[in-house]
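Student: I would like to go through some side-chain and helix contacts in this entry. Can we take them one at a time?

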Amino acid sequence: MPVILGLGSLIYFTLTSEPDLLYGFIFSIFGLIGMAVIRWRYPLQLNLYIFHCVVFLLGSGFCLAWLQTHRQEPFYRLPTHAATMKGKIRRIEILSSGKTRVLVHRVHFLSYPESEQKEWHRYIQITLFRTDHSQINVGDWIEVKAMLKHPFPPVRMASYDLQFHDWFKNIGAYGYAIAPINVIRKSDKTSIQLIREKIACRIRILLPGETGAIAQILLTGIDANLSQENRHVFAVAGLAHLLAIAGLHLGTVMLIVGGTVRWLLLRSEYIALHWPVKMIALSIGWIAGCIYLLLTGFHLPAIRSLIMASLIVFALSMDRRSLSMHNLMLAALMILIFSPSSIMNVSFQMSMAAVMAIIAGYGWGYDRFLKKSKNTCGLKKFFFYILEAAWISFLAGLAVCPIVMAHFHELNLYFILANLIAVPVTMFLIMPTGLLSLVTIGTGIDYYFLHLMAYGINLVINTARIVNDFPYAVIWVKDMPGWGLTCYFIGLCIICLCVTRLKSIGILLITIGIISCLWGKNPDLVTSADGQMIAIRRTGFIWVICQHGCNKYTIEGWKQYLGVSKVRIQFSHNHDRNILCKDFYCKLLDEHVLIILKKPENFFSQAEICHAMRLEISLLWEQRLCPDISFVDKEKNWVYGSHSIWLNSNKIKNDLSLRGNRPWVMEPIQRGIPNLPEALSE
């Protein structure tokens, strides 16, 4: 059911034009009526019944995705100048650069003409001055003067779509303050977010640096001040899941608390004989898990883990089988019903794939080589423990690898080795001492527990760095198309969920999905969505030409996409046999590409400049020199988004053709919907 429901939602989100709800409604009604008729008149026609059930679920997933999309607020029109606004702080983050970032809601503009707008129903994220050390807390009302921008379009085609995710996260703008903030009214209420911020502040004081940043992630879920370098090191080592609150962390918390409660209760003979010790321990462990997820922010993998953990606790209390595929499928079904857009979330995809592979593959491995561990002891028992941990890491890593390839263009080879060290350290040292520090927070004893936790975190960091230095620790792969990733997921679901001969079809689909990244060819030239940056792919590096400064985030995205590690910025004094730069233009001699850098001031020979050129790219607005060749200028980038160009085939694609005309898609030139009150009636 969740697989077909998610497929219906996926169909809606991948269309290039906004469909009508009627299509999904017709499918749902047709499937529902067919199911009822077959159930009533032809109860033995099971295949026909399943067909109508599939049609009903596809239509339902389509309708749920449409409803979630259209109940969101539109992207409002932003002021084109520095505007003064007031709002209520919802979240505070400390960045790795030392700056403070706040998420503000219930925003109302104070400066004219924006003061005529209604109160915003979308959040605004504002980065404060580095020297602005105002005493602010969650719930405070502030006044700030800031420059605002809409969520940026993708840095390239098929990359991370910030506009799509912010549409469903209810974020309407990003900005930076140009003056210190003014606290209008202090909050007199205590909220969970305020508690999280205070715990994070305490951790930062006792554990400064990267170690404290990871401790802050594990205990509060606030992860803004971890450097990108360490994030990449964890990703290459296959340890990125340790930085995302999910089943490992929740299960460890519930196991520690529940096991401790059970051990303490069994110290009393009367309690052991007369009280339901098992039920009490399970209930208290489950409550501790809920409190932990409340502190860490209820991220999407954590919600999936909590639903599964709740079902496992209920099953154990009823002496039923605890871990089964039904638990995972029910968790996925609940998430997709309430948030169909989760199907496009990378963390949701990785979490579901990993857990599904573990549940399906663990039983197979247990029957063949893990069952023997029951009758062993000593070193043999330890050997089987290592074998079991390696098998689980292998299953989860193997299931997640194609997703990492599709989204991050990387293949990690040593994830099993890193997890064999990092996961036990996390379970038996980092999480127990972290929980003890939470229990004793503010008493002074938490200092010792946090430093024990830091010892374990440093061990994990060093493990990740050692694995990261191994040869071929990460292998770059080409861009995997969306249909290839869909094939992989369908094949994985068939292998893990089916008990028939369809598993051979699943293997075939997985193979097609993985090798789909070999069919395409990366572009030779890409442009940014604002038309101010151009990248030319070379062997081992990219040439980057910028008009008004280079954006580091865009360059990093291009490096990852094109599989290069080095960047060369083009200046007027650069010399290269393949690039000829003059006063107002550059020529790529081998590719026959002309790049217009600025408006010419002196007389020039147009025929000489355009000779042998096959493509013209202009960093100016409607500035064309060669009328008989293909042409991309700043206006086209602003209207159609970033461009990808294949020079050999003379093929040009733009981001808008892939994303289409959808509610969350904003062209760079658009300003948004006016947020004005209705006119007064006469």
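Student: Over the ring of which residue does the charged end of K651 sit?

Tutor: The model is a predicted one, so the values are computed from predicted coordinates. A charge counts as over a ring if NZ of Lys is within 6 Å of the ring centre and within 35 degrees of the ring normal. The charged end of K651 is 4.7 Å from the centre of the ring it covers, and that ring belongs to W646.

Student: How far is R41 from the ring centre of W40?

Tutor: R41 lies over the face of W40. For Arg the atom used is CZ, with a limit of 6 Å from the ring centre. The distance for R41 is 5.6 Å.

Student: Is the F13 and W664 pair stacked, edge-to-face or tilted?

Tutor: The ring centres of F13 and W664 are 6.1 Å apart, with 55 degrees between the planes. Planes under 30 degrees apart count as stacked, over 60 as edge-to-face and the rest as tilted. The pair of F13 and W664 is tilted.

Student: How many residues apart are F13 and W664?

Tutor: F13 is in helix α1, residues 2-13. W664 is in the segment after α22, and the pair links distant parts of the chain. Both F13 and W664 are buried. The separation of F13 and W664 is 651 residues.

Student: Why does the pair of F168 and W664 count as tilted?

Tutor: The limits are under 30 degrees for stacked and over 60 for edge-to-face, with the rest tilted. The centres of the F168 and W664 rings are 6.2 Å apart. F168 and W664 form a tilted pair because their planes are at 45 degrees.

Student: Which parts of the chain does the pair of F168 and W664 tie together?

Tutor: F168 is buried, and so is W664. The two parts are 496 residues apart in sequence. They are helix α4 (residues 162-169), which holds F168, and the segment after α22, which holds W664.

Student: Which residues do ring pairs link into a cluster with W664?

Tutor: The count of aromatic pairs comes to 17. Ring pairs join W664 into a cluster with Y12, F13, F62, F164 and F168.

Student: Is S341 buried or exposed?

Tutor: S341 lies in the loop between α12 (325-338) and α13 (346-370). Leaving aside neighbours within four places in sequence, S341 is in contact with F13, Q68, F164 and F168. The cut-off for buried is under 20% relative accessible area. S341 has 9% relative accessibility, so S341 counts as buried.

Student: What is the relative accessible area of I126?

Tutor: I126 is found in strand β3, residues 123-127. Not counting residues up to four places away in sequence, I126 touches several residues, including M85, V102, V144 and Y176. I126 is buried, and its relative accessible area is 1%.

Student: At roughly what angle do the axes of α7 and α16 cross?

Tutor: Two packed helices are described by the angle between their axes and the distance between the axes. The axes of α7 (residues 228-236) and α16 (residues 446-468) come within 8 Å. Angles from 65 to 115 degrees count as roughly perpendicular, and α7 is roughly perpendicular to α16. The crossing angle is roughly 70 degrees.

Student: How many residues of the contact of α7 with α16 are charged?

Tutor: On the α7 side the contact is made by N230, V233, F234 and V236, and on the α16 side by V460, I461, A464, R465 and N468. Six of the contact residues are nonpolar and two are polar. The number of charged residues is one.

Notes: Residues are numbered from 1 along each chain as its sequence is written. This is a predicted model: local features need pLDDT of at least 70, side-chain atom pairs count only at pLDDT 80 or more; totals for chains, interfaces and linings use all residues. Side-chain values use heavy atoms; hydrogens and water are left out. Rings of Phe, Tyr and Trp (its six-membered ring) pair if their centres lie within 6.5 Å; planes under 30 degrees apart count as stacked, over 60 as edge-to-face and the rest as tilted. Helices (H or I, at least four residues) and strands (E, at least two) are DSSP runs, numbered from the N terminus. Buried means under 20% relative accessible area, exposed over 50%, partly exposed in between (1.4 Å probe, protein chains only). Axes are lines fitted to C-alpha atoms, for helices over the stretch in contact, and angles run from 0 to 180 degrees between N-to-C directions. Angles under 35 degrees count as roughly parallel, over 145 as roughly antiparallel, 65 to 115 as roughly perpendicular and the rest as oblique. Contact means heavy atoms within 4.5 Å. Ala, Val, Leu, Ile, Met, Phe, Trp, Tyr, Cys and Pro count as nonpolar, Asp, Glu, Lys and Arg as charged, and the others, Gly among them, as polar.
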